[in-house]
Amino acid sequence: MHSPSPHSLVDLPIRRLDRGDLVPCADLCEDRGWPRDEHRWGLLLSAGTGYGIDAPDGKGLAATCLTMPYGSDLTAVGMLLVAERYGRRGLARRLMRHVMEAVGDTPLALYATELGQPLYEDLGFSPVGRAERVGGRFGVGGADGSPSASPSRPNTTTRSSVTTRPAAADDLQALVRLDLPVFGADRTHLLARLPAFSDRIQVAEEDGELVGYAALWPSGQTEVVGPLIARDTATAQALIAALAAATDRPLRADVDARHKELLGWLLESGLKSHPGTTVMTYGIPDLPGDAARRFAPLTLATG
C-alpha cells in the first residue's frame, strides 16, 4: 500500500477511544517496546478520556493519548504513543494540541521521557521535577534489616512502629481524605476503581488513623507500586515491604526524585535504576498538593 504523505497523516481524524480499543491500544504499546498493559488501559479508558488516530493502512491505531481529570483543577496527560512506522511525522504534536484544546483552561501535568520532552517544551510545558524509575527483585529487608511480612501473620507488617494491613472495603473514604491534600485534587473517581484494578492495596495506620497507602498492580511480568502516599519515609518503606512480600514478581516504581532516602533504600534492597522521566506542567508553576507525602504516582506513562 502506498505510504501516506506527512501532510495527509496530520490531517487524519482524531476520535475518542473506548474499551473496544483495548487490543489496538495494547498492540501500539507492544509496537513501541512497552508492556501490552491491556489491564492498565482498561482503567485509564474507564476513568479518563482516550484519543486516537486510526492507522491509514488499516492496521490498528497510528497514535494514542489519554487524559485523566484530577477534579476540575488539573488534568494528567499520558500514553502518548505513535506507531513506529508513523514516527516523526507530526502525529504526537497533533494529538497534544488536540488534547490541550479539549481541556480548555484546565492546567496539565505529565511525565515526559527524554525523547518526548522537547515536544512538550515546544508546546509550552515547563519541567518542575523528576521521577526516578527503579525495578527488579526486592530483597529481604533494607540496609537496616527491616522485616518483611511474617509468615505466621502474612496480612500484617510492622516496621519502625509503623503498622500496615491490606485495605478493607470501608477504607475508601479514608483513602480519599488522605489523598486529597497530598495530590491537591479530588481523585475519587480513580481511587474508587483502584480495588478492582490492583492486586493489593496496603494501608498504614496509627491509632486507627490512616497515615499512608500504596497499591500493587500488574504490568506484563512486573508488579508496579503506585500510588504511594505516606506521612514519612519509614511509612513508605513499610508499605513497599508489605507489598513486596505479597508477590513473587519483580517490582517497578516511579519515585519522586526528592525522596532520596527512599530511593537509596530501594537500591540497597535489590532494585536497579532505569531511565526516569521529567515531571512537566502547563498552566501552573508546579504540581499542587504535598510533595513531602507524595512518593509515587499511579503512573500515566507518557512519551
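Two residues are in contact when they have heavy atoms within 4.5 Å of each other. Keep that in mind as you look through these views of a predicted model, in which local features need pLDDT of at least 70, side-chain atom pairs count only at pLDDT 80 or more, and totals for chains, interfaces and linings use all residues. Residues are numbered from 1 along each chain as its sequence is written, and side-chain values use heavy atoms, with hydrogens and water left out.

**View 1. Asp21 and its contacts.** Leaving aside its neighbours within four places in sequence, Asp21 is in contact with Arg15 and Arg16. Asp21 sits in the loop between strand S1 (15–17) and helix H2 (22–31); helices (H or I, at least four residues) and strands (E, at least two) are DSSP runs, numbered from the N terminus. Is Asp21 buried or exposed? Its relative accessibility is 6%, so Asp21 counts as buried. Here, buried means under 20% relative accessible area, exposed over 50%, and partly exposed in between (1.4 Å probe, protein chains only).

**View 2. Helix H2 meets helix H3.** The axes of H2 and H3 (residues 38–47) come within 9 Å and cross at roughly 125 degrees. Axes are lines fitted to C-alpha atoms, for helices over the stretch in contact, and angles run from 0 to 180 degrees between N-to-C directions. The two helices, H2 and H3, are therefore oblique to each other: angles under 35 degrees count as roughly parallel, over 145 as roughly antiparallel, 65 to 115 as roughly perpendicular and the rest as oblique. On the H2 side you will find Leu22, Val23, Cys25, Ala26 and Cys29, which meet Glu38, Trp41, Gly42 and Leu45 in H3.

**View 3. Helix H6 and what covers it.** In H6 (residues 172–183), the buried residues include Leu175, Leu178 and Phe183. Among the elements covering the buried residues of H6 are strand S3 (61–70), helix H7 (188–191) and strand S14 (294–296).

**View 4. Helix H9, largely enclosed.** H9 (residues 233–245) has 13 residues and reaches 18 Å from its first C-alpha to its last, close to the 18 Å expected at 1.5 Å a residue. The expected span of a helix is 1.5 Å times one less than its number of residues. Why is H9 described as largely enclosed by the rest of the structure? Because 11 of its 13 residues are buried, among them Thr233, Gln237, Leu239 and Ile240.
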